Structure formats: C-alpha cells, structure tokens
Amino acid sequence: METILEVNGLTMDFGGLRALDHLNIDIRRGEIVALIGPNGAGKTTFFNCITGIYLPTQGDIIISPPKAEGTHKRERINGLKPNQVTEKGMARTFQNIRLFPNMTVLENVMIGRHCRTRAGVAGAIFRNRAMVREEQSIVDDSFRVLEKIGLARYVNDQARNLPYGAQRLLEIARALATEPFLILLDEPAAGMNPQETHELDELITRIRDDEGISILLIEHDMKLVMSLSNRIFVMDYGKKIAQGTPEEIRNNPVVIKAYLGEEIDA
Amino acid sequence: MMPTLSEIKKSFLVSLWFMFLTFPIMVIRVNTTEKLVLWRWENMAYMGIGSFLLSFVWRYMLWRKETGKKDSESGTLQLPSFFERILSDRRYIVPATAAGIALVAIFPFVMDTYQTNIMITALMYIVLGLGLNIVVGLAGLLDLGYVAFYAVGAYTYGLLNHHFGLGFWTVLPIGAVMGAFFGILLGFPVLRLRGDYLAIVTLGFGEIIRLILENWNEFSFGPSGIAQIARPSLFGIQLSLSSSIIYLYFVMIGMVLFTIFVVNRLQNSRIGRAWIALREDEVACQAMGIDKTRTKLTAFALGATWAGMVGVIFAAKTTFINPASFTFLESAMILAIVVLGGMGSIVGVSIAALILILLPEYLRAFSEFRMLIFGAIMVIMMVFRPQGIVANVRRSYKFQPDKHS
C-alpha cells in the first residue's frame, strides 16, 4: 500500500519549549493508525501542525492523495492554511467538541460541503439553475452522510441540543462531508459510554472499509485503540518513543515505562 | 406556588433598602432662609410602595421566564413572542400582508409631509439595520463604526453632485460600490481580530472617517458641509418638494424590499452559512474548509454596500450633509436596532427599526426622558428576551427516509 501522509522530522517550538521533537510518522492508504501517549505528550499539537493551525518550526509534511488511476503526486503542505489543508483532503475533529451550536445538524454537515462547492454572492442572489442544483446537491449529500453515520433522525435539531455522543458523531459526519482521503480524529471516544464506544469502533471500521478513507486517531481508550488500529505510534515529551502493531506496543517496555513509570529496585 | 412568602419578603427588603437610600433626598428638606427642617414622611411611603411593587413585578417576570424555560424540555425552546406567533400562523399571514401593502401604499397620501419624512427615516434605518445585520448578526463581527460607510455613501453623492452634477440614480450604484470598497478597506486590517479588539478598531475607523470629513476642508468642505444637493429626479423631471418626498418614500420602500429579498437569499446560501459558521466557531469553520479571509471580507463588503446606498439616499433626502450627522451615536443606534430586533432575523430587525425610530418621534412630549426610556427598554429586553424581538430560526429541511440509502 502506498503512503498517503509522510511526516519527516517535524519539530514545533513554543518559545523555549519543544512540543514536538523530530517526529517521523507515515500513514498508508486504508490504514487505521492510532497515536497514543500520556497527557501533554504533544499529540494534539501534532494534529494542529499537520492541519495548518500551527506553522511547524521544522520538518516536512508531505501528502500524496490517492487517485483512481494510481498516479499520485507528492505535495508538501507546510504553511498551508487550515482550509487549504481540508481542501487537499485531510479533515479533522476536535478534542473538545467544536460544532456550530446554533446551526442545525444538517447545516453543520452542509458546512463541510463548502469547500467542494462553488456558489458565490451572485449565485446566492440570482439563484440561477446551476446554483439551485448545487444547493440541492449540498442538501442531499449532507443528508446521505448523516444517514451513514446514523444521525438522520436529528436532521433539523440544533447541534447544541444533541446528546454528547451524537455531538461527537456529528463532528465525524462534518469531517466526512469534506470528502477527505484521511480523517484525523482527536479523542473521538472521550466521554462515551462502553456501548457508544463499541458503536464508534464499528463506525470507524465501516468508514475505512466502505469509503476507503484512512484514519489517524488520538485516543486514550486502550481497548478501542488495540481493537481498531493496524499500527500504533507512541509519543512522550514530543518524541516518538515506539511504533508497531498493537501486539508489539502492548509488550514494549519503553511504552509501559512512559505510562506507568520506572520500577525502582529497593 | 408562585408568589411565595420569600418572594414577598425579598421585595419588602428591597423597598426598605430604597426607603433608606432615598431618605436624605426625598424626606428631609432644609429651608435655609427660615432655618426650618421639613420632614416629608409621605414621600417615604410612596417610595416604599413604589419600589415594592416594581421589585415584585420584576421577580414575577423573572419567575415566569424561569418556569417557561423548565417547561420546554430541551431548555432552549423559548416562548414565542407575539410577533413570532403571528408570523407562524398561516391564517394571519395573507390578511396581514394585504393590510400591510395597502397601508404602505396609501401612507404618503393620507399623512402629511412631516409624517412621510419620519417614515422615510425609519425605512432608511431598516435598510441600515439589515446591512449591519449581515456583519454583526450573521458573521458575528461586532462593528461599531458602521456609520462610516453611511457617511461614505452620503459624501459620494454630495461631492459627485456638487462637482460634476451627477444625478441620484447614477450615484446610487457608485455609492454602493464605494461602500463595499471601504468595507474591504476596513476589513483587511481587522482580519485577525475578533470580539472586543475588533469592536475597538471599527469604532476608531468610524471616528477616523468622521474626523477626515470634518478637517479636510479642501475635500469635504469641513464642518460647514455640502448644501443644495439635488433631490432625486423621476426620469429627468424635477419634482416639487412635497411630491419629491412621496417619490423618495416609494424609492425607499423599493429599497427595503430589495434589501429584504437579497439578505434573505444570502442568509440561506452557501455564503450565508459560511458567515454563520464563522460566527459560531472560527477555528472549526476554518478546519471545515472555509476561507476565513474571504468570508470576512465579503461580510464587511456586503454589509457596507447597504450603508453606502442608504447614505446616497440620505444626502438626497436632506439635500445638506455635514459630518455631524455621522457620529458614533448613529452607529450605536443601528447596532441597537440589530440587537433589539434579534441577531440575524430580518423581520425582527425591521420591527426594531420602526420602534426605535418612530417611537422617539411620537414621544416628543417626553423628549427629556427619551434616553431614559430607551435605556430601560434595552435593559428589560436583554433580561427577558436576549434573543431579540424575533429570534432567528434556522431553516429546516424535509426528507423522505426511503428516498435515499
């Protein structure tokens, strides 16, 4: 499988603090990859760097979006704005839910369609036929995404009235609507009960299998991480300390040390 | 279990406190010439009864608001206001519109010039309110210098008419373009700002424009302003004063309808949704692929366009403009219209504009208390209906579940 995201030597300094230290990560097509590590390890900073919210101090972020014919071109995306990164095909969700609370569920997803549609001010005012058709397609596509995620019954509710678990799902739906090749999920299972977590597990697998979208997720729920991911990267203090399959990570002494601390011989 | 004993007790304490506070000024009167102290105890009784009743009514209203919230399950369903109930009932819509159209059509012929003039002003504020509504209500960018664009429009017409003799209809689109241009001009430096910082910069921008107009004598004729600006002509025919006011009234009606039409379409379009998303969460909005820069600039430009056009109409209406018409108070007034009417709601903003502009005119008898009443209305509105007269309701869509999947 070809690599779709390649991060080489990514470094991010906040003043004197090195939040990310020469990080190398790669994601292949059709993979579910987890990024784990103790609190403050720099996982979310990593997300913010590759989605353009922060400008990394050093290093390369290279994407090669998969194309149907198999011809994919490599592209360095450092310094692009967040909306341009999304347009390139990397969509994300947020650790602390960031929906548009006063818009309806459908409208939240329709916002995701924004970068794939073109209607401008003139189109909005004159509503020529092409624009009407585009608007209808935005509505239909968004509704289809909601059906896929299982939120269709909330379609006209305000986003802020949704139950917590549904809000998390709506973030995923919104990201899906941007037609990404890679979705970045920042703690998607945070605050979910075991039943919801189990459904999320199935949903993420389904997104990968049905849509062919690769997934990179930050998660603290180890059960979910172990059952879901093909590969795991472990971070601590801004450095990558381990990588491998769930089985390898589970038994890696370095990882255990990072999470539980070192054993002291008396 | 509404008027509980504790509520009464609280109101009673409030009234005691007020009696104590006002004791020195309301009760004691010292007559210095005759060296007499007059004790006016009856005033204390009035104070006590008055403040008790006011406090009690206030508590009762708050209580009603609270229970209203509890009744609606989700906690966000507010009780519909009078206007919302009329708007949502199909039976009332047709007769109400018919009556409205008839009223609008005969108004200038029934009423005298003075009344028509006031109505034109109110209509102008509707358009201004709807324009600012794009910036503040939809895109969530608090703009305290909106009057600057209004001034730009007015001076565009004033100067072009004075120097080149250009007519009203020629300058109207130019005024719109100038408004949009200045909107973008303001938009660029404030792209990175939001909230309070944005408010301060826009406030400064409004003052800069006014000060330039006031001090650049060669350009804008300074505080003495521009006089004898031509009134709008009807296909080249100059109208008499009274008929030109009637004419302007209908121009303004057309303008209001045009604005409502455009703003309504924008609101439920791809651009409008992007504005609202920007208001709701800037970071998430960008992460979802919306170009923040472009979205903000379109909001500023399209908002300012209306102010530019109304500015042209204002210059044509008064035939005299000077910088004194474009003070911060005007911006505050327009902002009050948007907030009072309900952010993002077209009907609400229109109603609020009519109330805030017409009411002071008809309450001339109480002109000394005008600002007091104005302030009280704003405070009461913010406590009991913070969402405005008519809350903005997002459009809902219908789907057949079996059509898809």
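## A walk through a two-chain model

A:Arg144 is partly exposed, with a relative accessible area of 39%; here buried means under 20% relative accessible area, exposed over 50% and partly exposed in between, using a 1.4 Å probe and protein chains only. This is a predicted model, in which local features need pLDDT of at least 70 and side-chain atom pairs count only at pLDDT 80 or more, while totals for chains, interfaces and linings use all residues. Residues are numbered from 1 along each chain as its sequence is written, chains are lettered from A and ligands numbered from 1 in the order in which they are written, and side-chain values use heavy atoms, with hydrogens and water left out.

Let us stay with A:Arg144 for a moment. Its side chain meets that of A:Asp141 in a salt bridge (3.4 Å, N to O), a term that stands for a side-chain nitrogen of Lys or Arg within 4 Å of a carboxyl oxygen of Asp or Glu. Side chains of opposite charge can pair when their charged atoms come close. Because A:Arg144 and A:Asp141 are three residues apart in helix α5 of chain A, about one helical turn separates them. A:Asp141 is also partly exposed, at 23% relative accessible area. Helices (H or I, at least four residues) and strands (E, at least two) are DSSP runs, numbered from the N terminus.

In total, 45 residues of chain A are in contact with 37 residues of chain B, contact meaning heavy atoms within 4.5 Å. The two chains bury about 3,700 Å² between them, with 60% of it on carbon and sulfur atoms; this is the accessible area (1.4 Å probe) that two parts lose on being put together, summed over both. A:Asn83, A:His114 and A:Ile125 supply 16% of the area that chain A buries against chain B, more than any other three residues. Between chain A and chain B there are two salt bridges. The side chains of A:Arg98 and B:Asp281 meet in a salt bridge, at 2.9 Å from N to O.

B:Arg210 forms a salt bridge with B:Glu214, with the closest N and O atoms 3.6 Å apart. Both lie in helix α8 (residues 195-215) of chain B, four residues apart, about one turn of the helix. B:Arg210 is buried, at 16% relative accessible area, whereas B:Glu214 counts as partly exposed at 24%. The side chains of B:Lys296 and B:Glu282 meet in a salt bridge of 3.8 Å, N to O. Here the pair links helix α13 (residues 292-318) of chain B, which holds B:Lys296, to helix α12 (residues 282-287) of chain B, which holds B:Glu282.
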